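Dear colleague,

My notes follow below it.

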Amino acid sequence: MLRSAGAIALMGFAGAALAQASAAAAPNVQTREPAEINAIVNAALPDDQAAMKAHVMFLASDAMRGREAGSPEFDIAAQYVAAQFYAAGLRPAGDDGGYLQKVPLLTYRAADKGDLVLTRKGAEPLRLAFGDDYVPGANAGAATTALDAPVVFVGYGIVAPQYQRNDYAGVDVKGKIVAYFGGAPDSFQSEERAHFAGGTTKAILAESRGAVGTILIQPRSLVRAAQGWDRGRVTWGRPDGTGDAPGAPQLATLSDTGAAKLFAGAKTPWATIVKRAGDDEASFKAEQLPGSLAVSLKTAFTPGASSNVAGIIPGSDPKLGNEVVILSAHLDHLGVRPDMKGDNIFNGAEDNAIGIASLIEEAKRFKASGKAPRRSVMFLAVTAEEKGLIGSSFFSAHPTVPVDRIVADVNLDMPVLNYKFEDMIVFGADRSSLGPIVSKAVGALGVTMSPDPMPAEAFFVRSDHYNFVRRGIPSVFLWPGQAGPGKAAFNDFYQNRYHKPSDDLTQPIDWSQGIRFVDVNYAIAREIADGDARPRWNKGDFFGTLYNGYGAK
């Protein structure tokens with residue numbers, strides 16, 4: 001059968017990319033037997049299923065070596081997605097008239113073991129012991145950190161009026177260091193609990209109160225933490241060579257013995273505090289501790305580079321066309337583990353090559369419809385989700401369209417398609433007018449919506465859409481549901497394949513369900529893009545109110 005010139009060009013691009021990636025592969029990388037590859041290639045599927053599987057075959061191949069953000073293989077995968085966006089008729093929406101948005105990745109780590117010295121009136125300075133008393137933090141915002149300030153203990157470091165909680169009550173922390181426990185009470189709504197428990201949330205709150213640094217108290221041994229004291233962490237880089245670092249910097253983590261030294265002479269003895277430290281429902285009276293703490297830290301930076309991939313369909317409506325609905329999915333996965341015996345490639349077929357394949361096929365649906373959406377629709381493949389939602393964080397801070405024109409984000413991350421799904425789980429559906437919109441769209445296709453079956457996991461705050469939520473943009477995160485065979489199939493994936501080399505093309509992916517998933521997502525995107533009303537946060541919603549969303553009232 002004759003193929004179009006465009007199809008031939010894309011096939012050539014894919015073949016060249018695979019060859020380049022294969023040539024770059026390290027000797028210890030495990031490769032598939034020819035018979036296994038032939039079985040994958042020769043499986044007969046309808047054209048639409050074959051198209052979706054072809055994307056995953058390429059993106060989750062061993063030659064892509066797990067698509068780790070910052071690797072040459074990820075860059076090849078990004079070029080592949082850009083080519084597919086072009087073939088689907090999307091206009092470039094990245095940098096400089098292209099599909100790619102450059103993301104300046106930055107790895108930062110503690111450059112030395114630091115120095116923490118307690119000073120109290122009438123006593124000799126006391127230097128805390130690395131490994132026994134503390135492990136140093138790493139400040140993404142500065143190469144050198146030097147502070148000498150009083151320390152204020154603020155319990156769990158939470159301010160949540162809706163839960164009658166203010167751990168900062170009665171103290172002034174301006175110009176001081178705050179010390180707190182990690183976590184948040186189990187009695188909080190699970191997604192809100194995850195928000196309050198996050199280190200970034202606590203650091204931002206501390207900075208907003210005037211604190212210059214934070215200390216995490218971990219009332220147990222630091223043996224494991226001390227072994228990895230200089231591990232690298234990833235953020236996005238700023239022009240001055242430092243990294244994005246919201247909130248007051250975490251200066252150190254203190255053990256039980258380190259905290260006991262910090263509390264020596266305090267109004268409330270450490271022995272009294274530590275007895276209640278295992279109870280996350282406990283509240284503590286905030287108090288300034290005796291003396292001051294001098295902290296000296298050094299942070300080393302290693303710059304890197306990666307890319308988001310963005311394409312857009314311009315809206316056709318004279319009034320609504322400048323508003324943008326974003327459909328997002330992460331392109332990266334975990335790469336290769338050289339220290340691992342046997343299969344050491346984390347292919348990431350369902351996490352998240354299938355999400356990217358769905359994004360591409362959804363874009364093709366718009367082109368095939370012959371009808372432009374009323375609002376503009378952006379298709380966004382982001383990098384470094386596995387490193388901490390970094391690509392979406394960078395995009396939300398440096399959007400390629402005006403941020404106040406972004407009306408919604410619909411995120412596709414790790415749709416498990418190993419079974420015939422009967423329902424959809426839409427994380428965040430109960431928080432904004434996107435819920436009824438999504439319900440209407442999926443209902444028209446004979447699919448029902450189910451509530452979150454695992455609320456304790458707080459998935460709503462764990463993927464790329466959350467960075468859009470932080471900008472006040474109503475967002476949802478979609479999964480095939482767990483009705484019927486779904487629960488057993490999802491649990492099997494989560495326990496045996498999630499973030500493991502076995503998340504590859506040897507698993508029983510049902511490509512017919514991939515097409516159903518694309519159909520559902522297309523219906524949702526259409527409903528949002530063509531609707532008369534801009535999506536709005538529900539009145540009084542926690543996240544809509546917290547981030548002062550454009551639609552929150």
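Please keep in mind while reading that this is a predicted model.

I began with helix 4, in which Glu73, Phe74, Ile76, Ala77, Ala78, Tyr80, Val81, Ala82, Ala83, Gln84 and Phe85 are buried. After helix 4 comes glycine 89, which has a positive phi, near 90 degrees.

Turning to the strands, there is an open sheet of six, in the order 6-14-12-11-8-15 and with mixed pairing. Its edges are strand 6 (134-136) and strand 15 (287-288), each of which pairs on one side only. Within the sheet, strand 11 (residues 177-181) and strand 12 (residues 213-217) run parallel and are joined by five bridges; phenylalanine 181, for instance, has isoleucine 217 in strand 12 as its bridge partner. Helix 6 (residues 199-208) lies across strands 11 and 12, and runs at about 150 degrees to strand 11.

Finally, helix 3 (residues 47-59) and helix 15 (residues 511-530) have axes that come within 9 Å and cross at roughly 95 degrees; since angles of 65 to 115 degrees count as roughly perpendicular, the two helices are therefore described that way. On the helix 3 side the contact involves Asp48, Gln49, Met52, Lys53 and Val56, which meet Trp511, Ser512, Gly514, Ile515 and Val518 of helix 15. The residues of this contact divide into five nonpolar, three polar and two charged.

Technical notes
Residues numbered from 1 in each chain as written. Predicted model: local features only at pLDDT ≥ 70, side-chain atom pairs only at ≥ 80, totals over all residues. Heavy atoms only, no water. Buried < 20%, exposed > 50% of the residue type's maximum accessible area, 1.4 Å probe, protein only. Helix = DSSP H or I, 4+ residues; strand = E, 2+ residues; numbered from the N terminus. Pairing = 2+ DSSP bridges. Contact = heavy atoms within 4.5 Å. Axes fitted to C-alpha atoms, helices over the stretch in contact; angles between N-to-C directions. Parallel < 35°, antiparallel > 145°, perpendicular 65-115°, else oblique. Nonpolar A, V, L, I, M, F, W, Y, C, P; charged D, E, K, R; others polar.
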